[in-house]
Amino acid sequence: MPTSEDNLVDLIRAGGLEVDSVQGNDPGPSVETAWRAVAGFSVEPSAVFPLQADRGGVHTLWLKHARRAGVVGEDGTFLVTAVVTGAWEVGWVRVRLTDTADVSRLVDHQGRIEFVARSASGDHICAITAEEYDYWVVSLPLRSPPSE
């Protein structure tokens, strides 16, 4: 039976990303901290696109914002998590962009694009989350809470 880690890694690979390693939640900020930041009441999107729209440009749009925020390193690496049961406990997965990468394939069990990418330093995230009628690209600075 596949573990939560297996399911998360399989989903990430389905998005065309090369998996370097499972890093976990240390050092922080943790996956939980990042998702809470994305879901914050005062969060505004950096960009939006309709839930029902063609997903063809999603990867390019997200990558533009992720690079601008310093989430994607010069070598194409970053940390990522997606909506999979148990992903909070698995933590971050270090990945590398490939020629076939397409984050629009990082979909949850409802068929919606849902993931958070984090810079290696942990100081910034760039996510895609499904809201009521739109997908939001959310780019935020991120700090570890004192308990991490």
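Q: How many helices and strands does the protein chain have?
A: The predicted model contains four helices and seven strands.

Q: And what pattern do they follow along the sequence?
A: The protein chain reads α-β-α-β-α-β-α-β-β-β-β. The radius of gyration is 14 Å, close to the 15 Å that the globule rule gives for 148 residues, so the chain is as compact as a globular protein of that length.

Q: What does the C-alpha trace span along its principal axes?
A: The spans are about 35 × 35 × 30 Å.

Q: Let us turn to strand 3. Is strand 3 largely enclosed or exposed, and why?
A: Strand 3 is largely enclosed by the rest of the structure, because six of its six residues are buried. Thr77, Leu79 and Thr81 lie on one side, with Phe78, Val80 and Ala82 on the other, so that both faces are covered.

Q: Which strands pair with strand 3?
A: Strand 4, residues 92-96, pairs with strand 3 in the antiparallel sense over four bridges. Strand 5 also runs antiparallel to strand 3, and four bridges join these two.

Q: Which residues are partners there?
A: On the strand 4 side, phenylalanine 78 has valine 95 as its bridge partner. On the strand 5 side, valine 80 is partnered by alanine 117, and leucine 79 stands opposite arginine 118.

Q: Where do the side chains of strand 5 point?
A: Phe115 and Ala117 point one way from strand 5 (residues 115-118), while Val116 and Arg118 point the other way. All of these residues are buried.

Q: What joins strand 5 to strand 6?
A: Four bridges do, and the two strands run antiparallel. Alanine 117 has cysteine 126 as its bridge partner in strand 6.

Q: What about the hairpin of strand 5 and strand 6: how many residues lie between the strands?
A: There are five residues between them, and glycine 122 in this hairpin takes a positive phi near 85 degrees.

Q: Back to the whole chain. What share of the residues is buried?
A: Buried residues account for 47% of the 148 residues. The accessible surface comes to about 7600 Å², and carbon and sulfur atoms contribute 49% of that surface.

Q: What about contacts between residues at least 6 apart in sequence?
A: Of those contacts, 68% join residues at least 24 apart.

Q: Finally, how many positive and negative side chains are there?
A: The protein chain has 12 positive and 21 negative side chains. The centres of the two sets lie 4 Å apart.

Terms used:
Residues are numbered from 1 along each chain as its sequence is written. This is a predicted model: local features need pLDDT of at least 70, side-chain atom pairs count only at pLDDT 80 or more; totals for chains, interfaces and linings use all residues. Side-chain values use heavy atoms; hydrogens and water are left out. The radius of gyration is taken over C-alpha atoms; the globule rule is 2.2 Å times the number of residues to the power 0.38. Buried means under 20% relative accessible area, exposed over 50%, partly exposed in between (1.4 Å probe, protein chains only). Contact means heavy atoms within 4.5 Å. Accessible areas come from the Shrake-Rupley method with a 1.4 Å probe; for residues, only the protein chains shown count as cover. Lys and Arg count as positive and Asp and Glu as negative; His and the chain ends are not counted. The place of a charge is taken as NZ of Lys, CZ of Arg, CG of Asp or CD of Glu. Two strands pair if DSSP finds at least two bridges between them.
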